[in-house]
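Have a look at the structure first, and then we'll go through it topic by topic.

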Amino acid sequence: MTQQNLLVRGWEVVIGLETHAQLATNSKMFSGASTAFGAEPNTHACVVDMALPGVLPVANRQAVEYAIIFGLAVNATVAPLSIFARKNYFYPDLPKGYQISQFEIPVVQGGEVHFMVENQEKTVHLVRAHLEEDAGKSVHDAIPGMTAIDLNRAGTPLLEIVTEPDMRCVAEAVEYARTLHGLVTWLGVCDGNMQEGSFRCDANVSVRRPGEPLGTRREIKNLNSFRYLQQAIEYEIHAQIDILEEGGTIKQSTVLFDPGTGETRAMRSKEDSADYRYFPDPDLPPLVIAPEWVERVRQSMPELPGAMAERFIADYSLPKYDAAIITQSKAFADYFESAANACKQPKLVANWLMGEVSRRLNSEEKTIDEAPVNAATLAALIARIADGTISNNAAKQVFEALWTNEGDNVDQIIEAKGLKQMNDSGALEQMIDEVLANNTKSVEEYRAGKDKAFNALVGQIMKASKGRANPAQVNALLKQKLG
């Protein structure tokens, strides 16, 4: 994408994301209370979470290890010493009156996330990833006219991942978020369940004329779906441009996105770090991470997406773009490898995964784990394309039947629907002879050098065969007969 193509109404868009990934620990960041989702209100809140007098926090070792894993995966620096700080603000569901977070010295510093967007490679640089605890939840109108407080989430461990303002369009922001989601679930540090709040994004959006300094940003809070992320940023971009083109100014603020209206609305003026009065938490010693610990974690890590993509290029002769797309999700990559090994047609498998399968998953908002067609069944379907039993068009009909549970056996569906290709050269020759005899004008035009006439003849042959003729055979036999 060129700089010109990225402009919106002549304005350059600047986007940075802050993502809260809930770490997949059984207990909370600074207490032994359960992190299980869906419990009755306040049943998973202990005395530490409720900030009763005299209690002391203790850091969760597993949460720290998950932070190390993430840092290594994005090629960041894992700080040998980092500090927990108190972030002071008042909110009803924050019982201590402060949140334990990290400020000046986070556990993960720097790093990069690479992904493909519109067939181009993009790199987003990370500022940091720091450990912190979540707040509780305010439940409005649980009792008519009142707000109730549920502290089950209070103290849940989070890794807040902060980017540089490197993104210049909505597509880049959404693809970065998808890639990051795929990475944290791939690593097993987060379950990625966006409906339950395990992975949610805050988007910092500003606009400027090309070449000018950065504009004033507004932060869109708590976006828990990729669709909402896209819609919220798109609305915010145009809202800011409207204000500026009407002679107004953008005020730094925090806004919320309303999915019902598709609009953002101001929540409060945006605070700066000084407003939170950070200071080191006196109840928590500095977090020391020895090099030996980092090395043990490194040795135990799974194959990373980048390494797997390189392997797919080498072992399956996939194009770089295909390999990058397929390895954005561990489940997607495993599905591909299973199907490719079963049918020995890796490029066809990749095409189907990035085409028909992804189209259906996206339209139904499903993950590959929820696909009605498993890897073995897709491999069986692709094998029938490769051996000439069915055409690509017929394969789409079989796939539709498999997806909608009309059947689960590829060969039985092919037989039941009469989709088997005509591969009998004798029958095809007879059909071609009849088409040539009935379309002498097209034959003369082709022999006079008009290539379009050949396609017209192929179309007539396919029509005569009701779409069942093998296209490759038809092309070869037709060229032979036309000399």
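The largest nonpolar core here has 70 residues, and F70, L131, I161, Y176 and I233 are the ones with the most contacts inside it. Keep in mind that this is a predicted model.

**Inside the cores**
- Leaving aside residues up to four places away in sequence, F70 touches L126, A129, L159, I161, L180, L183, V184 and L187.
- There's also a second, separate core: it has 42 residues, including A309, F336, L361 and L419.

- Strands β7 (residues 112–117) and β8 (residues 120–133) pair up antiparallel, over six bridges.
- One of the pairings to pick out is F115, whose bridge partner in β8 is K122.

**A three-strand sheet**
- Another spot to check is an open sheet with the order β5-β4-β16 and antiparallel pairing.
- Its edge strands, β5 (98–101) and β16 (279–280), each pair on one side only.
- Strand β4 (residues 85–88) is joined to β16 by two bridges, and the bridge partner of A85 in β16 is P280.

**Out on the surface**
- V47, M50 and L52 make up a nonpolar patch on the surface, with about 220 Å² of accessible area together.
- You'll find V47 in the loop between β1 (12–22) and α2 (61–73).
- Why does V47 count as partly exposed? Because its relative accessibility is 41%, and partly exposed covers the range between under 20% (buried) and over 50% (exposed).

How values were computed
Residues numbered from 1 in each chain as written. Predicted model: local features only at pLDDT ≥ 70, side-chain atom pairs only at ≥ 80, totals over all residues. Heavy atoms only, no water. Core = buried A, V, L, I, M, F, W, Y, C linked by side-chain atoms within 4.5 Å. Buried < 20%, exposed > 50% of the residue type's maximum accessible area, 1.4 Å probe, protein only. Contact = heavy atoms within 4.5 Å. Pairing = 2+ DSSP bridges. Helix = DSSP H or I, 4+ residues; strand = E, 2+ residues; numbered from the N terminus. Patch = residues over 30% accessible without salt bridge, like charges linked within 9 Å, V, L, I, M, F, W, Y side chains within 5 Å. Areas by Shrake-Rupley, 256 points an atom, 1.4 Å probe, with all protein chains shown as cover. Salt bridge = Lys/Arg side-chain N within 4 Å of Asp/Glu carboxyl O.
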